[in-house]
Amino acid sequence: MDKQTVALTTIFLLLVLAINTTLGIKCFRCTVAPPNRYAANSTKTQLCSKFDHSDYFTVDCPWSTMCVKRIFKIQLMNREQETISRDCALQKETEQIYRNGNWTKQHHIEEPYQEGCQTINDSTYCFCRGTMCNSATKVEKNSYHADAMAVIFVFNVMKYIRNIEY
């Protein structure tokens with residue numbers, strides 16, 4: 001393979017990577033209770049009791065930069081049961097803007113959360129960055145090795161491209 005072909009292939013791969021990351025992240029989504037069967041947007045039931053890390057539980061999060069895992073207790077008949085739910089972090093902010101005589105909605109993504117876990121009202125919320133990072137049953141501190149490897153790879157590719165002589 002000549003240098004120009006390698007450079008074009010590298011640029012193509014970087015563009016694909018950039019497009020994939022700008023479209024948002026993917027998170028696991030599951031709930032404790034089944035959705036209301038009469039609800040308009042109940043497309044599929046994703047119960048956390050059946051969670052198996054499969055694609056069935058993945059969702060696109062175009063309005064999030066983070067995933068969330070909530071750990072909480074529910075009261076059953078005679079005991080408490082600790083349970084987990086997973087989803088995209090709620091970061092979409094919608095404002096009504098008055099322009100040219102009309103009200104229109106304007107959406108943007110806020111960054112109100114920090115990575116890590118915090119307990120609020122007997123629930124622990126764990127926020128993380130990265131595709132499908134909310135899969136762990138326990139909190140993992142070193143779950144970002146794939147992201148680090150991607151950064152190292154891109155750095156080395158850019159370094160290689162700069163050294164190509166045409």
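This is a predicted model: local features need pLDDT of at least 70, side-chain atom pairs count only at pLDDT 80 or more; totals for chains, interfaces and linings use all residues.
Start with β7 and β8 (residues 123-128): the two run antiparallel and are joined by five bridges. Strands here are DSSP runs of E at least two residues long, numbered from the N terminus, and two of them count as paired if DSSP finds at least two bridges between them. Residues are numbered from 1 along each chain as its sequence is written, and side-chain values use heavy atoms, leaving out hydrogens and water.

Now zoom out to the sheet. Four strands make up an open, antiparallel sheet in the order β4-β3-β8-β7. At its edges sit β4 (80-88) and β7 (116-120), each pairing on one side only.

Next, hop over to strand β2 (residues 58-61), where you'll find Thr-58. Thr-58 counts as buried because its relative accessibility is 15%, and buried means under 20% relative accessible area with a 1.4 Å probe, protein chains only. Its side chain reaches the backbone oxygen of Asp-55 at 2.8 Å. Setting aside neighbours within four places in sequence, Thr-58 is in contact (heavy atoms within 4.5 Å) with Cys-27, Phe-28 and Met-132.

Val-59 belongs to the largest nonpolar core, which has eight residues, including Ile-25, Cys-61 and Cys-133. Such a core is a set of buried Ala, Val, Leu, Ile, Met, Phe, Trp, Tyr and Cys residues joined through side-chain atoms within 4.5 Å. β1 (25-28) and β2 are the elements giving two or more residues to this core.

Methods
Buried means under 20% relative accessible area, exposed over 50%, partly exposed in between (1.4 Å probe, protein chains only). A polar contact is a pair of N or O atoms within 3.5 Å; within protein, one must be able to donate a hydrogen and the other to accept it, and residues adjacent in sequence count only if both atoms are side-chain atoms.
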